[in-house]
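Here is a friendly briefing to read alongside the model. Please keep the sequence and the 3D view open as you go through the points.

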Amino acid sequence: MKVAVLSFAGRRAVGYAELLRGMPDVELLVADPDGAPDDPARGRSTADRLGATYAEGWEELFALRPDAVVLSTEEGSWRALGERAAEAGAHVLCEYPYAVDETGAEADELDRLVRVCEEAGVRLTVASTACFGPAFAVVRDKISEGEAVGDVKTIHGAYNAPRPSGTRAARSGALGTNAPQLLDLVDAVLGGVPAEQVYAQTNGVAAEPGVASAALVTVRYADGTVASLDCSWGAPDAGPSASGPVMTFIGDRASVDYTASPRLLGGFDALERRARHVTRGDDPQAVMLAQFVAAVGLESGAGPDGAAALRTLRVIRAARESARTGQPVDLAGAQPVLP
C-alpha cells in the first residue's frame, strides 16, 4: 500500500513518516514542495534518511497514485491539499483545524472537504488519537450495546495537557487543543447523537490575555445525556489526564472508566522534586496510523470521520460563544448542513 505524508510544516510530520516507514507492506511517499517555514529541506532530508520516495511536486506525487495520505500542513492549506488527495482517490487522515474564535470558519472549511471526500468515495479520518485502539473500541462497543452501564446518563471527562508550542495552537486555547479529543470520545460512544445545548466557563490564568487556558464545558445531547468536560493546560505531570483524556461513563446500572494513557507507575522524584508517572508503552500516534492504514486496506473506517469532526467543531464554537456571553447556547435545529 502506498501511503504519502504531505507537507512537513506540521510538527508531527517527521514522526508520521518514521512510523509509516516501519510498517510492513507500506511504501512511504513524501512530498513537501513548499518547504516547512522553519526548515525548507525537512521533507527531503526525512525521505532520504528513511529511504522513501520523494516527489518534487504535488502533480508528481499524485501521479504515483497513493492509496492514502496523511496531511501535516500549515493552517490554511490543509483543505486544498486534502481535496486534491481525495480527487486522486486517496483516503485522507487530517489533523484538526485549530478553531480560534466562534466564527465557524474552520467548520466551513472542513465541511467543504467532507463533501469532496464523499463525492470521491474516499474516507476522511480525523487525527483524534484517543479514539483509536482496542481498549476504547471495547468501551465504545459494550456501552453502545447496553452491556456495560445500561442507558448512559452522564459523562465526565478531563484532559489537562501541557500548553502546546505551536503559535496557532496556543492562540486557540484549551478549547481548541484539548476539547476536541474529549468531544470525539463522547460522540463515538453516543453514536453521533447531536448536541442540543452548550454552556462553558473559561479562564486564562496560564496564557496571554484573550486566550483560555482552562475551560469547563457542559453539553446536553438530544438523547438526554449530559457531558461535563474539563479541558485545561497544566504541568506535564499534573495527574492521569496529563498524558491523555480520562473519561467516566455513568449509566442507570453501572459506570465505566476509560483512560487513554493509563498510569503504570507513579511516585515522587526526589532529585527533581516533583511527582512523576509512567504510562503504558503504546505510542498513540502509532496505534492511530496502524488502524488508519488497516482500515484503508479493508475499505472500512477507523476513528472519527469528517461528519464527527464537524459535530465537535460546532460544539467548540458554541462553547466559545457561551464563555463570551455567560449564557447557554442552544443548538437544537441548527445542525450541520451535511446531507
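**Briefing on the predicted model**

Strands β11 (residues 246-251) and β12 (residues 255-259) pair in the antiparallel sense over 5 bridges; strands count as paired if DSSP finds at least two bridges between them. Helices (H or I, at least four residues) and strands (E, at least two) are DSSP runs, numbered from the N terminus. This is a predicted model, in which local features need pLDDT of at least 70 and side-chain atom pairs count only at pLDDT 80 or more, while totals for chains, interfaces and linings use all residues. Residues are numbered from 1 along each chain as its sequence is written, and side-chain values use heavy atoms, with hydrogens and water left out.

**The chain as a whole**

- The protein chain comes to 10 helices and 15 strands.
- Of its 339 residues, 50% count as buried, meaning under 20% relative accessible area with a 1.4 Å probe, protein chains only (exposed is over 50%, partly exposed in between).
- Among contacts in the protein chain with a separation of 6 or more, 70% come from residues 24 or more positions apart; a contact means heavy atoms within 4.5 Å.

**The mixed sheet**

- An open sheet of 7 strands has the order β12-β11-β7-β10-β9-β8-β15, and its pairing is mixed.
- β12 and β15 (329-330) stand at the edges with a single partner strand each, so one side of each has no neighbour in the sheet.
- Strands β9 (residues 214-221) and β10 (residues 226-233) run antiparallel and are joined by 7 bridges, with T218 opposite S228 in β10.
- Helix α8 (residues 179-190) packs on this sheet, touching β7 (152-161), β9, β10, β11 and β12, and its direction makes about 155° with that of β10. Such angles run from 0 to 180 degrees between N-to-C directions, with axes fitted to C-alpha atoms, for helices over the stretch in contact.
- α10 also packs on the sheet, touching β8 (195-203), β9 and β15, at about 50° to the direction of β8.
- Back at the β11 and β12 hairpin, 3 residues lie between the two strands, and F249 stands opposite V256 in β12.

**The parallel sheet**

- In an open sheet of 6 strands, the order is β3-β2-β1-β4-β5-β6 and the pairing is parallel.
- β3 (53-55) and β6 (124-126) are at the edges, each with a single partner strand, so one side of each is left without a neighbour in the sheet.
- The twist averages 20° from one strand to the next.
- Helix α1 (residues 13-21) packs on the sheet and touches β1 (2-6), β2 and β4, its direction making about 165° with that of β1.
- β4 (residues 68-71) pairs with β5 (residues 91-94) in the parallel sense over 4 bridges, and L71 stands opposite C94 in β5.
- Helix α9 (residues 284-298) lies across β1, β4, β5 and β6, at about 165° to β5.

**Helix α10 and a glycine**

- After α10 comes G326, with a positive phi near 80°.
- G35, in the loop between β2 (27-31) and α2 (42-50), is buried, with a relative accessible area of 14%.

**Confidence**

- The mean pLDDT (the predictor's confidence in each residue, from 0 to 100) is 85 for the protein chain, and 84% of residues reach 70 or more.
- Over residues 335-339 the pLDDT is below 50, and this stretch has 13 contacts in the model beyond near neighbours in sequence.
- Where pLDDT is low, the predicted coordinates should not be read in detail.
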